[in-house]
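This briefing covers charge pairing and the ligand site. The structure is shown first, and the notes follow by topic.

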Amino acid sequence: MLHTPVALERCIALLAPAISEKDSPIVIDATLGMGGHSAALLSQFPRLRIIGFDRDLAAIAIARASLAQFSDRITIVHAVYDEMEEVLVNESISGVDGILFDLGVSSMQLDQADRGFAYSQEAPLDMRMDQSSGITAFEVLMEYPKGELIRVIRNYGEEKFAKNIAENIIKARQSDSLHTTKDLAELVKNSIPAAARRTGGNPAKRTFQALRIEVNHELDVLERAIPAALSSLNVGGRIVVMAYQSLEDKIVKSFFTRVTLSGTPRGLPIELPGSAAKFNFVIRGSESATEDEIEANPRASSMRLRAIERVAA
Ligand SMILES: C[S@@+](CC[C@H](N)C(=O)[O-])C[C@H]1O[C@@H](n2cnc3c(N)ncnc32)[C@H](O)[C@@H]1O
């Protein structure tokens, strides 16, 4: 195994009640990555079938190899996970029992320096999870008007100094001095007042996050995928989501809160007919990784885990 899947035992325990009693359960692994969670689920539940998505062809190739022994029970799809409803129709599947989202980039993507995700490694500014389509971070940096750059860096990076950074990006275009991840990390550092650089880790982290979200439309895709996941779930089915940054976690929290609310006005002694919520929380609020896991895998420290179950059609 190339890496350790995050919160593996906990994800299996959360999905198990939706899978273990069924004759032919189906789970969607929306973010297959290297297939760590899928491999564990397929070995634990011998009748389980998985539909696994990844938008990254390199991840698909690794998952295909690492899951070869389960090839009769897994369908691997190169697609963005907001396409799940169309894929289920193509596969003649009317509903699924579990859906797992392990959001963001994988350790493989971060480790492959040439992908441009890591500010600590010299690389071209690509940042596309799917290198077969879409615009690169370099194109965003070279082509977006200043106002758009400010919007992206401020909204998706939650960066206070977005204006300074955007102005320096425009200057760097003129001097042709912005080509690589290291150039960008240096530009961001020089755009931030020295006092503000002393806290909060590497200042490039926020701008890199912002560009990655923009290049991959990460938030828009998640906004479409969660409702698609909710409507693809059978009664008794569960959705488990791991988010690693607050903007994604907020989207998940907001959908989960909305669909677990009853339509009966507060204060009425009985539930009005037809107004009961179709989903219940499996985890109230969110969970974090354990301290032991964070020590072994620091990436797990920002993880927030949420889970809900469909209780009515
Ligand atoms: C954190 S990794 C998943 C790791 C996986 N659970 C494992 O155990 O190996 C996230 C994966 O999801 C993929 N991904 C991220 N956003 C996606 C999206 N919108 N559609 C499809 N795949 C996506 C990434 O390419 C990456 O391979």
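A salt bridge is a side-chain nitrogen of Lys or Arg within 4 Å of a carboxyl oxygen of Asp or Glu. The model is predicted: local features need pLDDT of at least 70, side-chain atom pairs count only at pLDDT 80 or more, and totals for chains, interfaces and linings use all residues. Residues are numbered from 1 along each chain as its sequence is written, and side-chain values use heavy atoms, with hydrogens and water left out.

**Salt bridges**
- The structure holds 14 salt bridges.
- Lys-22 pairs with Asp-97, with the closest N and O atoms 2.9 Å apart.
- Asp-97 is buried at 3% relative accessible area, whereas Lys-22 is partly exposed at 33% (buried means under 20%, exposed over 50%, partly exposed in between; 1.4 Å probe, protein chains only).
- Lys-146, Lys-163 and Glu-167 are linked in a network of salt bridges.
- Relative accessibility is 35% for Lys-146, 28% for Glu-167 and 43% for Lys-163.

**Ligand site**
- The ligand is surrounded by 26 residues (a heavy atom within 4 Å), and His-37, Asp-54, Tyr-81, Asp-102 and Gln-109 are the closest.
- A polar side-chain atom of Asp-102 lies 2.8 Å from a ligand nitrogen atom, as a polar contact (a pair of N or O atoms within 3.5 Å).
- A backbone N or O atom lies 3.1 Å from a ligand oxygen atom in Gly-36 and 3.3 Å in Gly-35.

Methods: Polar contact = N/O pair within 3.5 Å; in protein donor to acceptor, adjacent residues only side chain to side chain.
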